[in-house]
Amino acid sequence: MNLQSMDYIVTTANERSISRAAEILHVTQQTLSAHISAVERELGCQLFVRHIPLEITYAGEEFLKYAESIRHQVREMRRTFGEIAGEEKGQLKIGVTGNRGRIVLMPIVARYLKEHPQIEIRVLEDANEGLIRRLSRGELEVCISDLEAVQPGIRQADLYRERMVFVVQRELFRQLYPENSKQVIRAAGKGDYRPLQDCPLLLGREKDIAGKFSHRAMASFDRPPVIRVEAENIAFALELCAHGLGGCFCPEIIVRNTLTAEQMEEVLLIPLGKQGEYPIRIGWREEGRIIASFIETAQEQVKGMTGAG
């Protein structure tokens, strides 16, 4: 048994699927199955019941406890000896949502790698809830998320404040609210989203911040809205907004970095008041020079991006 096989089994257990785990690990399903079978033969125990979804046996659960402890010790050993040697070498696993990966994380990583060229960066994209789970399980060392609640064993630091807006094509907005457009904008800015129920909606997935906010806003409506599209990627919904097909609740930073200058001229961004503002944080589990330097770089970089500080 080696650390690679251990990593393979942990990923398979987390995904409850050999096919999804193989995709994440960039190996074939046959290779992954062979590693699992070899470990099972060595231990003399079955770790998984191979049906869909994959079921973890009691032996598998016990294996995961040992694996997590061993992987943690190996990470700490590598970090410690790297610092003793005075060399910043190692790997940093970072989790982020898809759109923030492109907009927020990419410039942070670009700057960090210029300053720390010996560090290897691995980026994993997931919904916010998935990122928190992965960080808690030790699959990630850092994640960028809203981190709404304090998570046991996870340290946090603010990166920037994000603001939700309601995005709608200007012409569609004029058609929907020919006589009371100013009142609708004023009400939304005070946290009263009921007038927006007359606009067909284009939604992001509920697990992400935009999706969760959309459903909270819809809960205040007097009647069910017309939902035209629910999309995994909020950028898809924004493109439809620009074509006048509905309105979308979305973080302003994502809107301004997704739509073209021409599209921005065609849409209206309606502020949603204090209820639509929240901090985006960076979370981590373990202390160390590599993680500390990354957090410092991230905080410095977003100051320039958002005008914070």
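**Salt bridges and burial across the fold**

Asp 158 comes out as partly exposed, with a relative accessible area of 48%; buried here means under 20% relative accessible area, exposed over 50%, and partly exposed in between, with a 1.4 Å probe and protein chains only. The structure is a predicted model, with local features needing pLDDT of at least 70, side-chain atom pairs counted only at pLDDT 80 or more, and totals for chains, interfaces and linings using all residues. Residues are numbered from 1 along each chain as its sequence is written, and side-chain values use heavy atoms, leaving out hydrogens and water.

Asp 158 has a partner: its side chain meets that of Arg 281 in a salt bridge, at 3.0 Å from N to O. Arg 281 sits in strand β11 (residues 277–284) and Asp 158 in strand β6 (residues 155–169), so this pair ties together parts that are 123 residues apart in sequence. A salt bridge is taken as a side-chain nitrogen of Lys or Arg within 4 Å of a carboxyl oxygen of Asp or Glu, while helices (H or I, at least four residues) and strands (E, at least two) are DSSP runs, numbered from the N terminus.

Altogether the count comes to 19 salt bridges. Some are joined up: Glu 15, Arg 20, Asp 126, Arg 134, Arg 137 and Glu 139 are linked in a network. As for the charges overall, the protein carries 40 positive and 43 negative side chains, and the centres of the two sets lie 2 Å apart. That tally takes Lys and Arg as positive and Asp and Glu as negative, without His or the chain ends, and each charge is placed at NZ of Lys, CZ of Arg, CG of Asp or CD of Glu.

Stepping back to the whole protein, there are 13 helices and 11 strands, and the C-alpha trace spans about 75 × 50 × 35 Å along its principal axes. Of the 309 residues, 51% count as buried. Among contacts (heavy atoms within 4.5 Å) between residues at least 6 apart in sequence, 73% join residues at least 24 apart. The accessible surface comes to about 15,700 Å², with 51% of it belonging to carbon and sulfur atoms; areas come from the Shrake-Rupley method with a 1.4 Å probe, and for residues only the protein chains shown count as cover.

Helix α9 (residues 209–219) has eight of its 11 residues buried, so it is largely enclosed by the rest of the structure; the buried set includes Lys 212, Phe 213 and Met 218. Helix α4 (residues 58–84) holds Ile 70, which is partly exposed at 32% relative accessibility. Together with Leu 3 and Tyr 66, Ile 70 forms a nonpolar surface patch of about 280 Å² accessible area. Patch residues have over 30% relative accessible area and no salt bridge, like charges being joined within 9 Å and nonpolar side chains (Val, Leu, Ile, Met, Phe, Trp, Tyr) within 5 Å.
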